[in-house]
Amino acid sequence: MWRNLRIAVLLLVLIWAAGHTWLERIGSKRWQEPLWVGIFPVNADGSQAAQSYIAGLDEREFGDIEKFVAREAHRYGKTLEQPVHIALYPQVSHMPPQLQHDAGMLGIMVWSLRLRWFAWRSIDLGGRAPPRVRLFVLYHDPQLLQIIPDSHGMQKGLLGVVHAFALSSMAGSNSIVITHELLHTLGATDKYDPGSGKPLFPGGFADPDRKPLYPQEKAEIMAARRAISEHDAELPPTLAAVVVGPATAAEINWTRP
Ligand SMILES: [Zn+2]
C-alpha cells in the first residue's frame with residue numbers, strides 16, 4: 001500500500017510540474033502585460049574586476065534591452081508600451097550549475113533540473129516581487145578569459161545562464177547575448193550554423209529579400225551575427241544594429257491578431 005501511495009504522490013508531483021511549466025510558458029508570451037525579467041549578477045571568476053563591475057551595475061545598464069524589445073514588438077503590431085521590464089536583483093554568491101560542452105540528452109536534462117533547483121534555492125529577491133524570467137548573468141574579467149563559455153536560455157523554468165564581460169565597453173554586446181538567451185526562454189530557436197557560426201538563410205537574416213543580399217545591414221537576434229558576405233559574418237556592437245526576424249517573431253508569439 002505504501003508503495004502505491006508513493007507512486008501516486010510522485011505522479012501528482014510530475015503532473016503538477018508539467019502543468020506548471022506549461023502554464024508558465026503560455027503566460028510568458030501573451031504580451032498583454034510587461035514581462036518581468038530578473039537579472040541576477042554572479043562573479044564568474046572571483047576577480048576584483050568582476051566584483052567592482054557588479055557593484056557599479058544599475059538598471060540603466062539594461063535599458064537598451066527594454067527599448068529593443070519594445071521597438072521590435074511594435075513593428076509586429078504589438079501595442080503594449082513596455083513588453084519587457086528588466087529588474088536588477090541582488091548578486092548571487094554561488095555559481096549556477098555548469099552545462100558541460102559535451103553533455104548528451106541525459107546530461108542536459110539533469111543540468112536543467114539542477115538549474116531549476118538552484119534558481120529556487122539560491123536567489124535573494126531583496127524584497128522585490130519574484131520575476132517571471134530569471135537570468136543569471138556571470139561576469140568575467142576579460143583579462144582572465146579569452147573565449148567566453150556558451151550561454152544558455154531554456155523555456156523549462158524560464159531560466160537562463162549568460163556569460164558576460166565585466167567591461168563597460170562590452171555592455172552593448174553583453175545586452176545582445178542577454179536578449180538572445182531571453183528569447184530562448186520564450187521559445188525562440190537558434191538561427192545560425194552551429195559549426196561555422198554563420199547566419200542561416202533566410203531565418204537568420206535581418207533582410208533576406210535585400211538585393212544584393214550582402215552585406216546585410218543588420219543582424220537577426222537569434223543568428224546574432226550579421227552576414228557581410230557569403231563567407232563572413234560579424235557580431236554587431238549593440239542592439240541598435242539588430243532586429244527580430246519574422247521566424248523568431250512567430251516563435252515568441254508576435255503574430256498579428
Ligand atoms: Zn542560442
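Contact here means heavy atoms within 4.5 Å, and by that criterion, with residues up to four places away in sequence not counted, G38 touches A87, Y89, P131, V133, R134 and L135. The structure is a predicted model in which local features need pLDDT of at least 70 and side-chain atom pairs count only at pLDDT 80 or more, whereas totals for chains, interfaces and linings use all residues. Residues are numbered from 1 along each chain as its sequence is written, and side-chain values use heavy atoms, with hydrogens and water left out.

G38 is found in strand β1, where strands (E, at least two residues) and helices (H or I, at least four) are DSSP runs numbered from the N terminus. G38 is buried, at a relative accessible area of 0%; buried means under 20%, exposed over 50% and partly exposed in between, for a 1.4 Å probe and protein chains only.

Strand β1 belongs to an open sheet of five strands, ordered β2-β1-β3-β5-β4 with mixed pairing, two strands being paired if DSSP finds at least two bridges between them. The edges are formed by β2 (84-88) and β4 (152-154), each of which pairs on one side only. Neighbouring strands of this sheet are turned by 25° against each other on average, direction ignored; axes are lines fitted to C-alpha atoms, for helices over the stretch in contact, and angles run from 0 to 180 degrees between N-to-C directions. Strands β1 (residues 35-43) and β2 run parallel and are joined by five bridges, and the partner of V37 in β2 is I86. Helix α2 (residues 48-55) packs on the sheet, where it touches β1, β3 (133-140) and β5 (159-165), and its direction makes about 150° with that of β1.

A nonpolar core is a set of buried Ala, Val, Leu, Ile, Met, Phe, Trp, Tyr and Cys residues joined through side-chain atoms within 4.5 Å. Two such cores are listed here.

| Core | Residues in core | Named members |
|---|---|---|
| Largest core | 41 residues | F62, Y139, I221 and W254, with the most contacts inside it |
| Another core | 16 residues | among them A119, F136, M154 and L159 |

The zinc ion is coordinated by H180 (NE2), H184 (NE2) and D190 (OD) at 2.0 to 2.1 Å; donors are N, O and S atoms within 2.8 Å of the metal (3.2 Å for Na, K and Ca), and water is not among the atoms, so the site may look incomplete. H184 is buried, with a relative accessible area of 14%, while D190 is partly exposed at 34%.
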